[in-house]
Amino acid sequence: MIEALERALLDGEHALLVEGDLRRARELFHVAYHEAVRRGDRPATARAALGLGGMWVHEHRTAAGAAMVRMRQREALSLLDADSPVALRLRIRLAAEDDHRGGGHDAILAMVSETRAAGDPVALAEALSLAHQCAPGPEHGAARLELARELIGVASRTGRRSDLLTGLLWYAVDLLLAADPHAERALGELRDALDGEGHQAVEVVLGGIEVMLDLRAGRFGQAEERAAAWHERGVAAGDHEATGRHGCQLAAVRWYQGRIGELVPRLTNLLNSPMLGADDSPYACLAVAAAAAGDRRLAGSMLARLRGSVLADGPRTGTWLVSMYAVVEAADLLADTELAARAGALLAPYAELPVMTGPGIACFGSARHSLGVAAITTGDLDRAIGHLRRAVDDNLALGHWPAVALSRSRLGQALVLRDGPRQEAARRQLALAEQEARALGMALPRQVAGRVTCRPSGPRWRVELGARTALVDHCVGMLHLAALLADPGREIPAADLAAGSAGPATGPESAQRLLDGPAGRAYKNRLAQLDAEIQELESNHQRQQAHGRRAERDWLITELASATGLSGRARTLAPGGERARTAVGKAIRRAVDRIAAADPVIGAELRATVRTGVRCSYDPG
C-alpha cells in the first residue's frame, strides 16, 4: 500500500510538471491525499496537498474548492518541521493564494526573498512563478520581467523542464504586454522548447497567444476557429481560465467585425460561470455590447457594477486595461461625458502600453486609442487628435491592422468634428480607414450618428445627435439653428433668418414673417399637439399632467405673441444685408456655445457643420 501511495504521488507530479495535465494531476493528488491521511503519512500528506495547488495561482475557482485546498495545505503544514523543504513550498503557495485573493503581492515577494536565502532552487522557481502571477497589473511590467528572467536562470538548477517552460512563457508574455519588438523572438524560443514533448498547460496559454496574433493580422475566421479549438483543449486539460479566455477572444473578434451587440446573450450567461473567479472584465464587455445593441439600461447596470473595482483606485488586474477599453467605448456610445473623463484620467499613466489581457490572449491595440475616444466624448478635440495620431502609429508598430483601421477612423471623426467634413486631412483619414477595413473584412462603426436635430421642449430646446441629448434655454439663435437644422445642405440668406423666414427670398428688400418657416412651424405643431394632450388628460382626470402641458402651452403662446404686433399681424423686419449677417452670426454662435456647454460633442459637431455669413447652412456631410 505504501508503494501504491508513492506511485500516486509520482504520477501526479509527472502529470503536473511533465505533461501539464492539470485535470489528471488534481485527480491523482486528491486520491493520494486521502490515502496519505488514512495512513497517517505526514510527508506524503504534505506532498499531495502541495500538488493540489497546481501550477498556476488560483487554479481552484469555486469558493468550496479553493477553501478545501487551502484548509488541506494549512493542516499539512502544521504537521511538518517548519524548516523542511516541503514546508517552505507550502508556505510559498499559501502566501501566493492569500495575496491573489487580496489583490496584493507583498507576502509572496517576501517569500521570494526568504527562498533566495534558503538556497532551494525548486522552492525558488515556484516562488518566482507565483510572484509573477500575483503582480498582473500594467504598473508591474518591469518587476514581472525581472522575475521571469530569474526564473529562466533558476530552471537550469532545478532540472525540471516545466520551470524552464514557465519562465520562457512569462518572459514572452511580459514582452508582449510591453509592446517590445522582440516579443516574437521570445515566442519562437518557447515554441522550440515545447517541440517534441510538449506541455499541455503551457501549450494552452501559447495557443491563446496565437489566437491573439491571428486577430492582430486581421484573420478573423482563423482566430475564431483557433479560439474554439484551444478552448476545448484547455477544458480537457483542466485549465479553468479556458472559459473566460474564450469569451474574451470571441468578444475581440466580434468587436472588430462590428458585431459585438450579438454577444449580449452569451456574455450575460458567462457572468454566472464560477470559473471567472473575481474577474470583472465580463461586466465591461457586456456593457459595451449592450450599449452597441441599444440596451442602455443593461449597459448602465454593468457600468455601475464596475465603479467599486475597475473604476476605483485599487489594485490593477491582468484584465484591467481591456475593461477600461470597454468602459470608454460604452461611455462614448452612451454619451456619458463624466464616465469618459474618469476613465481617461485612470488610463493616462498607461498611454504607452497596448491594451491586452494577460497572459496575452486578446489585444485591442494602443491605449492611446481609448484616450482619444474618451477625449472625443468629452469634446476635447485637440487632445483627441493628438492621442489618435499616436494610436495609429503605435498600432502600425504592433502590426495590429484592425486597430490601425479603427484608430484611423476615430482620428477622421475627431478631425471632422474640429475642422468640418470637407477638411482634406479628415477626408483622407476616413477614406484610408474605409479602404483598410474593406481589405480586412471588418465593419467600422458609424462614429457620427446621423444629423443634429432640435425641437422645442417646454421653455427649452432639445438638441439631439444619435444617443446624445442636450437641453438648452431659449434664445434667438436657437430659432435660426432650428431653421438650418430642419433643412440640411440648403443655404439660407442671413437676411431671411433675421426676418424669421427660412423660405427663399423674393427680393432684396422683401419683408418676411417672423416665425414663418421650420422653427415657427415646429412651435405651432407643438401647440396643436399640446391642445390635444391637455384635452385627453383632462378627460381622464389626470389633472397634474394636464397642468404641466398647460404650462408649456402658455409659454408657447407667449413666444408666438412676441412675434406679432399689437393687432396680431406678424411683425416684419427690413433685412439689411450686413446688419443681418452680423446679428445672425453672433446669435447662432451664442446658441452653439450654450449647446456645447450642455454637450461638448454636439457643440463640436455644430461648430464643424454650421456655416454663417451672408448665406448660412447646416451641412452634416
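**A guided reading of the predicted model**

Val355 lies in strand β1. Helices (H or I, at least four residues) and strands (E, at least two) are DSSP runs, numbered from the N terminus. This is a predicted model, in which local features need pLDDT of at least 70 and side-chain atom pairs count only at pLDDT 80 or more, while totals for chains, interfaces and linings use all residues. Residues are numbered from 1 along each chain as its sequence is written, and side-chain values use heavy atoms, with hydrogens and water left out.

Val355 counts as buried because its relative accessibility is 1%; buried means under 20% relative accessible area, exposed over 50%, and partly exposed in between (1.4 Å probe, protein chains only). Leaving aside residues up to four places away in sequence, Val355 touches Leu321, Val322, Tyr325, Ala362, Cys363, Phe364, Gly365, Ser366 and Ala367, where contact means heavy atoms within 4.5 Å. Of these, Ala367 is 12 residues from Val355 in sequence, with 5.4 Å between the two C-alpha atoms.

Strand β1 (residues 354-357) pairs with β2 in the antiparallel sense over three bridges; two strands pair if DSSP finds at least two bridges between them. Pro354 has Ser366 in β2 as its bridge partner. Four residues separate β1 from β2 in this hairpin, and Gly360 in the turn has a positive phi of about 75°. Strand β2 (residues 362-366) is mostly covered, with five of its five residues buried.

The crossing of α6 past α7 is left-handed, a term for a near helix turned anticlockwise from the far one by less than a right angle, with right-handed used if clockwise. On the α6 side, the contact is made by Ile108, Leu109, Val112, Thr115 and Arg116, and on the α7 side by Ala123, Leu124, Ala127, Leu128, Leu130 and Ala131. Nine residues of this contact are nonpolar, one is polar and one is charged. In this classification Ala, Val, Leu, Ile, Met, Phe, Trp, Tyr, Cys and Pro count as nonpolar, Asp, Glu, Lys and Arg as charged, and the others, Gly among them, as polar.

The loop between α7 and α8 (141-158) holds His140. With 16% relative accessibility, His140 counts as buried. Apart from residues up to four places away in sequence, His140 touches His105 and Ala135.

A further helix pair is formed by α21 (residues 401-419) and α22 (residues 424-440), whose axes come within 8 Å and cross at roughly 155°. That angle makes α21 roughly antiparallel to α22, and α21 passes α22 in a left-handed crossing. Among the residues that meet are Trp401, Arg408 and Leu415 in α21 and Gln429, Glu436 and Leu440 in α22. By class, this contact has 14 nonpolar, four polar and two charged residues.

Two open sheets follow. In one, three strands stand in the order β3-β4-β5 with antiparallel pairing. Its edge strands, each pairing on one side only, are β3 (453-457) and β5 (468-473). Neighbouring strands of this sheet are turned by 25° against each other on average, direction ignored. Strand β3 is joined to β4 (residues 460-465) by five bridges, and the two run antiparallel; Cys454 stands opposite Val463 in β4.

The other open sheet has three strands in the order β6-β10-β9, again with antiparallel pairing. Here β6 (492-493) and β9 (610-611) are the edge strands. Two bridges connect β9 with strand β10 (residues 615-618), and Val610 has Tyr618 in β10 as its bridge partner. Helix α23 lies across β6, β9 and β10, running at about 65° to β10. This helix (residues 476-485) is mostly covered, with nine of its 10 residues buried, including Met478, His480 and Leu484.

How values were computed
Axes fitted to C-alpha atoms, helices over the stretch in contact; angles between N-to-C directions. Parallel < 35°, antiparallel > 145°, perpendicular 65-115°, else oblique.
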